[in-house]
Amino acid sequence: MNRSLPHRLLMRMPMKWLFFILKNFHRFIPNSQDNTSLKVMNLYSKLVIDNTYKAFCSPNKVIWTTIFLPSEILYAFNLIPFSMELASGMLGEIGFTQNALEKSDSLCDSTDFCTFHRASLGHVANGMLPKPIGIISYNYICNNNVQTPKKCAAVVNKPLLHLDVPLENDNEAIPFLASGIRNFVKDLENLTKSKLNPEKLREVVINAEKTRKIILKINDLRKVEFAPSIVTEALNFFVIRNIFTGSQEGVVFFQKLYEELLEITEKIRKLRISNKDKSKIIWLEYKPCYKSEFFNLFMDKDHEIVFEEMNYIEWPELNPEEPFESLAKKIISCHYNQTGEKRLSIIEKLTDDYKADAVVSFSNWGCRRNNLLIPTIKKRLNDKGISFLNIDSDSLDPTVYMHGQIKTRIEAFMEQLVH
Ligand code: SF4
């Protein structure tokens, strides 16, 4: 991929300096958020960059995680959760993926696992991430969340902490996981040589509950016919939800997002620009984390992506008086972690809730969690009269992204939706 001279210079800098520059000048550096129409995305960039810079400046506070691990317990210890896959996504946006993939492939016998994890391992081995005090693994959502932390812990020679998450969401699972979280807290106490402050835990659970309520309001607002189309930005909300839920920053981000969406929706309502007659699409999985024209292919007057599966939340109300049980319920209720049947029922629910005619999946190469279920999703939706398109590509590796082929398939799919 051709990069401008400023980009090439940035890529040669030590990471701490790079994030210092991004922190102070990110508005002047082009990235894949350029086309955003939401003002709150400036806050998004600021939060992600500031948090990364803080991590580079606080070596005794950083703990590496993988995606989906709730951050609340880590915030209760005043730690800085640093998701390796989210870092891979962010570094991918500024052009660092290829070096990381080459490094990872030189270290592993197997190279057929997903690029988020291959890049994570490569970045770790290349010394691109802030130094951690420990690394967390957990058998949750995807098997790589066990394998990658184990490999990374060996590379940097740091302690590995593990959280065991049951697959089934049943009566025995909640007490089992709540007790697992208590043991996890003991491991964190040993690692940080500090005691968990119950008041701090209470505060983060209260923040997480405020965030949950605001996200539910946002998701409801997006059901109305005058809601704006925001898919390119909306796939990033998931990043904030992962890193910042439990922090005051998370509450502020989602509140500002809600207020801005409400204001835009009211403006669209006054102009009577309804999406009622458009073909509505539900989005599965993620997106390219590199410059591409991908989402432009969906921007026309006849179609609209109305919601993303990743932004669906299902965890029940969090009770600060029962923090461990509440967090156990939150973790275990994530539909990605449960059976394929559960995920199918959620996708069907989303098509009903958002009155969708079609579902599109941007399926990341090497993702067994998603890709194995694709034929079943297609059949179930088609039986229900809902069109389905699977786009096999890669979120991080631009060399796998074939724009011409993808464009042809999307255009044919969109055309049959109109008729
Ligand atoms: S894309 Fe799939 S394999 Fe990769 S991190 Fe996500 S769930 Fe795991």
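Predicted model: local features only at pLDDT ≥ 70, side-chain atom pairs only at ≥ 80, totals over all residues.
**A parallel sheet and its enclosed strand**

Strands S5 and S7 are paired in the parallel sense, with 5 bridges between them. One of the residues involved is isoleucine 282, whose bridge partner in S7 is valine 359.

The pairing belongs to a wider arrangement. S5 and S7 are part of an open sheet of 4 strands, which has the order S6-S5-S7-S8 and parallel pairing. Strand S6 (303-308) and strand S8 (387-393) are found at the edges; each has a single partner strand, and therefore one side of each is left without a neighbour in the sheet. From one strand to the next, the twist averages 25 degrees.

Strand S5, which covers residues 279-285, pairs with S6 in the parallel sense over 5 bridges. Within this part of the sheet, lysine 280 stands opposite glutamate 304 in S6.

Strand S7 deserves a separate description. Is S7 enclosed by the rest of the structure, or is it left open? Of its 7 residues, 7 are buried, so S7 is largely enclosed by the rest of the structure. A residue is called buried if 20 or more other C-beta atoms lie within 10 Å of its own.

The view can then be widened to the protein chain as a whole. Its secondary structure comes to 17 helices and 8 strands. The radius of gyration of the chain is 21 Å, close to the 22 Å given by the globule rule for 419 residues, so the chain is as compact as a globular protein of that length. Along its principal axes, the C-alpha trace spans about 65 × 55 × 40 Å.

Two further values describe the chain. Of its 419 residues, 41% count as buried. Among contacts between residues at least 6 apart in sequence, 76% join residues at least 24 apart.

Conventions. Residues numbered from 1 in each chain as written. Helix = DSSP H or I, 4+ residues; strand = E, 2+ residues; numbered from the N terminus. Rg over C-alpha atoms; globule rule 2.2 N^0.38 Å. Buried ≥ 20, exposed ≤ 12 C-beta atoms within 10 Å, placed from the backbone. Contact = placed C-beta atoms within 7 Å. Pairing = 2+ DSSP bridges. Axes fitted to C-alpha atoms, helices over the stretch in contact; angles between N-to-C directions.
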